[in-house]
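Hi there,

Here is the structure I said I would pass on to you. Have a look at it first, and then read my notes below.

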Amino acid sequence: MSFSDDLRNRILILDGAMGTMLQRGLTEEETLRAYIEAGVDIITTNSFNANRISQEDNGLADKASQMAFEAASRARKVADSAGRKIYVAGSAGPTGKSLTLASDADDSAYRKYDFDDFVNVYREQFDALIRGGADIILTRPASCLISVNP
């Protein structure tokens, strides 16, 4: 049965906050397994800020796509070992940057990024999540689920 079929035919339970569990000292794998043991149907990747724009300030922009891929691959591995159907939601959060606010206080017309930059950054992240094994993409703050493997 596909994600779309399951979504039409039953209530699917999504896991909780990945970041909160990591801050409490659990590993990524322990967190995913704990959610599966609690009965969730969908686990979320640890890839909320795994995009070039978000990682620029950390000096890791060139590693962002690999981060997203690895997060999805790890979640897929845990999901596949669960003994029942578990979907993987590739998590994509906001960049922390704005298209509307000036990037330079001395030049109110200057914008470091344009709409196409954001489209390309998210496309790169989504592609990496899908290649890593995500069944769906979970965007935030809008919390929109997009099925990638109907």
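Helix α5 covers residues 64-80, and at 1.5 Å a residue its 17 residues should span 24 Å; the end C-alpha atoms are 24 Å apart, which agrees. The expected span is 1.5 Å times one less than the number of residues. Helices (H or I, at least four residues) and strands (E, at least two) are DSSP runs, numbered from the N terminus.

Before going on, please keep in mind that this is a predicted model: local features need pLDDT of at least 70, side-chain atom pairs count only at pLDDT 80 or more, and totals for chains, interfaces and linings use all residues. Residues are numbered from 1 along each chain as its sequence is written, and side-chain values use heavy atoms, with hydrogens and water left out.

Which residues of α5 are buried? They are A64, S65, A68, A71, A72, A75, R76, V78 and A79. Because they cover an arc of only 165° around the axis, they sit on the same side of α5; the arc is that of the directions from the helix axis to the C-beta atoms. Buried means under 20% relative accessible area, exposed over 50%, and partly exposed in between (1.4 Å probe, protein chains only). On the face turned away from the buried side you will find the exposed residues K77 and D80.

The buried residues of α5 pack against α3 (28-37), β1 (42-44), α4 (52-56), β2 (87-92) and α6 (115-132). Contact here means heavy atoms within 4.5 Å.

Next, the cores. A nonpolar core is a set of buried Ala, Val, Leu, Ile, Met, Phe, Trp, Tyr and Cys residues joined through side-chain atoms within 4.5 Å. The largest one has 19 residues, and L32, I36, I43, V88 and L129 have the most contacts inside it. Its largest share, five residues, comes from α5. Leaving out residues up to four places away in sequence, V88 touches several residues, including I43, A75 and A79. A second, separate core of seven residues includes F3, I42, Y87 and I136.

- D41 is in the loop between α3 and β1, and counts as buried at 7% relative accessibility.
- A92 lies in strand β2 and is buried, with a relative accessible area of 1%. The C-alpha atoms of A92 and F126 are separated by 7.8 Å, although these residues are 34 residues apart along the chain.

Happy exploring!
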